[in-house]
Amino acid sequence: MSAPVVIGGDGEALAVAAGLAADFRKDAAERDAVRRLPHAELERLSASGLLAVSVPAEFGGADVRAETLAEVFRLLAAADASLAQIPQSHFVYVNVLRRQGTHEQQEFFFGEVLRGKRFGNAQSEAGTKHVQDIRTRLARRPDGSYVLDGVKHYCTGALFAHWIPVLARADDDTLHVAYVPHDAPGLTVVDDWDGMGQRTTASGTVRLESVPVPADRVVPHHLTFRGPQLHGAVAQLLHAAIDAGIASGALAEAVDFVRTKSRPWFESGFETAAEDPLLVQRFGELGLRVRAAQALLREAARTVDAARDDLTDDSAAEASIAVAAAKVTAAEAAVEVGSALFEVAGTRAALDSLGLHRHWRDARTHTLHDPVRWKVQHIGRYVLNGTRPPRHGLL
């Protein structure tokens, strides 16, 4: 891989993302239909410099605002939600290093990111009591190094990654992140993802069998949640951006289809479907849903940026609540618009060969990541009683 571009600021990041999204959109339906993994597209993403835009300025990165990063993800997801989902964990684990990495760890790993290296993830586990019940073990050896054992599922990005951050419990049961090279002995990435949506994320299984980890590749993630933090807010902001992108991408496809391919209903009395007042009404409703999702996404991102500039318990809580509101609204918009596309476009839109169903499938799959009903609960408690939301990585 040739040396990637180093993006200089927010405006450049947005321009690069818009250009890539326009290209990625062209073959998105075909990639989804045949489950063609986007290896070439990810190489372009790395070479573009976009994956390094959250590296702090002191280490040579653009350190873009959260508002910019959210819009980058929204643009990519509007083109291809699978492709946008793959680097979500990359940015999450760059953030882990920003928060808890030593200077030496930051210098090394941020250098890797600037050279185009990608982080995946090995975080979630199946068959445990709940999502926070992490059973993968990080056992310390007498020489101070570690060894990893466990099985991870839903490991989006791992198949394409140069480094795979692994969430594991140490001997004292505290959570750590071990940054493991993709070719480490004992590490196996299994491409067994068969979700109905986000088909090309390769969100499969990672098996860890006595994987050796040097001490300087381990970060104490549990310390992140002992004070005010934005780890969960930033992670969820990117998920909200993906949902908002799916909604806007589905609406754009619906508009194009109705304008160019749909026939008017015979009772409407109009020559084109786009003149049908009932369709105009429905598009107005869908446009409101998408605009609301985008507006709350921007507000949430700006709230995160403000909290990053002055991080307190109150500013962190406000950021988490703002992101929760954006995530609930974007998730609902993505599912509704992805489904309504067929309602407004008509029978022909349901042809499998057109691939328009990918928007709904992507939305329905991605919005299952964590339940929005709990976000509504936290918003309600905050609004009614002033109760700050809990500190964890899903809020």
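Colleague: In which loop is Ile86 found?

Modeller: This is a predicted model. In it, Ile86 counts as buried, at 4% relative accessibility. As for its place in the chain, Ile86 is found in the loop between H5 and helix H6 (88–100).

Colleague: Is Arg31 buried or exposed?

Modeller: Arg31 is found in helix H2 (residues 28–34). A residue is called buried under 20% relative accessible area. The value for Arg31 is 1%, so this residue counts as buried.

Colleague: With which side chain does the side chain of Arg31 make a polar contact?

Modeller: Beyond its neighbours within four places in sequence, Arg31 is in contact with Phe24, Arg36, Pro38, Glu41, Asp80, Leu83 and Thr200. A polar contact of 3.2 Å joins the side chain of Arg31 to the side chain of Glu41.

Colleague: Which element gives the largest share of the largest nonpolar core?

Modeller: The largest nonpolar core has 74 residues, and those with the most contacts inside it are Leu45, Leu50, Val53, Leu230, Leu237 and Val304. Among the elements that give two or more residues to this core are helix H1 (10–26), helix H8 (231–260), helix H9 (277–309) and helix H10 (313–345). The largest share, 15 residues, comes from H8.

Colleague: How many residues are in the other core, which lies apart from the largest one?

Modeller: Within the largest core, Leu230 is one of the residues with the most contacts. Leu230 touches Val304, Ala307, Arg308, Leu311, Ala316 and Ala319, not counting residues up to four places away in sequence. The other core includes Val113, Ile134, Val219 and Ala235, and its size is 21 residues.

Colleague: Which residue caps the N-terminal end of H9?

Modeller: H9 has 33 residues and reaches 48 Å from its first C-alpha to its last, close to the 48 Å expected. At its N-terminal end, a side-chain oxygen lies 2.9 Å from the backbone nitrogen of Leu278, and the residue that supplies this oxygen as the cap is Asp276.

Colleague: Which side chain makes a polar contact with that of Arg282?

Modeller: Arg282 lies in helix H9 and is buried, with a relative accessible area of 15%. Leaving aside neighbours within four places in sequence, Arg282 is in contact with Glu336, Ala340, Glu343 and Val344. The polar contact, at 3.3 Å, is with the side chain of Glu336.

Colleague: What is the radius of gyration of the protein chain?

Modeller: The chain holds 12 helices and seven strands. For 395 residues the globule rule gives 21 Å, and the value for this chain is close to it, so the chain is as compact as a globular protein of that length. The radius of gyration is 21 Å.

Terms used: Residues numbered from 1 in each chain as written. Predicted model: local features only at pLDDT ≥ 70, side-chain atom pairs only at ≥ 80, totals over all residues. Heavy atoms only, no water. Core = buried A, V, L, I, M, F, W, Y, C linked by side-chain atoms within 4.5 Å. Buried < 20%, exposed > 50% of the residue type's maximum accessible area, 1.4 Å probe, protein only. Helix = DSSP H or I, 4+ residues; strand = E, 2+ residues; numbered from the N terminus. Contact = heavy atoms within 4.5 Å. Expected span 1.5 Å × (residues − 1). Polar contact = N/O pair within 3.5 Å; in protein donor to acceptor, adjacent residues only side chain to side chain. Rg over C-alpha atoms; globule rule 2.2 N^0.38 Å.
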